[in-house]
Amino acid sequence: MEKLNDTIKKSNPTLWETFEYCTSKISGVAEEELEDKEFYSSKVKELDVEYTEPYMIFFVLARLKSLPYQYQPMEKVLYVIPFKYKEHYCFFSMEKFGLKFAITTNNEEIIRQLFKSINSAKKIANRLLSPVIEKTINNGEFTLENKSGVLRRRYLYFRNNVQL
């Protein structure tokens, strides 16, 4: 089975080159390299940068950029993606209370540059993935989770407890 990256590269090589250029200052690191570093961390929503959804950060860095990551490494953490931006060590982790970002500098300009690169890569990834997503949907190769039972039970619980 052909890898997603190979399919995308073949379908639009020029756009793929632009994606690689946008993310050229981002490189993967082993998680062990982060152990003795001092990090400045915060929730992404609290940073003064354009917000990017956690699933797109994961897709851009882990799937398209092929950075190493840990999926569900511990309780209440969905993923951790360690990487290096220029000479600064960083990581994203999707935790119970939101997306966390940590970096070895508190220079706001460096952080803005990193998020500008990620947002540019996200826009390119949307364009790269559109044909793949369309093909997947047209071929019926997707599944939607049916949550009607859970939603119905919640509705009935609250409906039965309402005082009229």
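By class, the residues lining the largest pocket of this predicted model comprise three nonpolar, four polar and three charged members. The space in that pocket amounts to about 210 Å³, and helix 4 gives the most to its lining, with four residues.

**The largest pocket**

- The lining of the largest pocket is made up of Tyr21, Cys22, Ser24, Lys25, Tyr85, Lys86, Gln113, Lys116, Ser117 and Ser120.
- Helix 2 and helix 4 are the elements that give two or more residues to this lining.

**Nonpolar cores**

- The largest nonpolar core has 36 residues, and the members that touch the most others are Leu61, Phe83, Phe92 and Phe101.

**Phe101 and Ser41**

- When neighbours within four places in sequence are left aside, Phe101 is in contact with Tyr40, Ser41, Ser42, Val44, Leu47, Phe83, Cys90, Phe91, Phe92, Ile111, Leu114 and Phe115; of these partners, Phe83 and Phe92 are named with Phe101 among the residues that touch the most other members of the largest core.
- Ser41, which belongs to strand 2 (residues 40-43), is in contact with Lys100, Phe101 and Ala102 once its neighbours within four places in sequence are set aside.
- Ser41 counts as partly exposed because its relative accessibility is 45%, a value that lies between the 20% and 50% cut-offs.
- Although Ser41 and Phe91 are 50 residues apart along the chain, their C-alpha atoms are separated by 9.2 Å.

- Helix 3 is largely enclosed by the rest of the structure, because eight of its eleven residues are buried; the buried residues are Pro54, Met56, Ile57, Phe58, Val60, Leu61, Ala62 and Leu64.
- Ser66 lies in the loop between helix 3 and strand 3, and just after the helix this residue takes a positive phi of about 60°.
- With a relative accessible area of 43%, Ser66 is partly exposed.

- Strand 3 (residues 70-74) pairs with strand 4 in the antiparallel sense over three bridges, and Tyr71 has Tyr79 in strand 4 as its bridge partner.
- The two strands form a hairpin with two residues between them, and Lys76 in the turn has a positive phi of about 70°.
- Gln72, which lies in strand 3, has a positive phi of about 50° although it is not a glycine, and it counts as exposed because its relative accessibility is 52%, a value over the 50% cut-off.
- For context, most residues other than glycine have a negative phi.

Terms used
Residues numbered from 1 in each chain as written. Predicted model: local features only at pLDDT ≥ 70, side-chain atom pairs only at ≥ 80, totals over all residues. Heavy atoms only, no water. Core = buried A, V, L, I, M, F, W, Y, C linked by side-chain atoms within 4.5 Å. Buried < 20%, exposed > 50% of the residue type's maximum accessible area, 1.4 Å probe, protein only. Contact = heavy atoms within 4.5 Å. 1 Å grid on protein atoms, 1.4 Å probe; cavity = no way out; pocket = protein on both sides within 12 Å on 5 of 7 lines; lining within 4 Å. Points joined across faces, edges and corners; volume = space filled by probe spheres on them. Nonpolar A, V, L, I, M, F, W, Y, C, P; charged D, E, K, R; others polar. Pairing = 2+ DSSP bridges.
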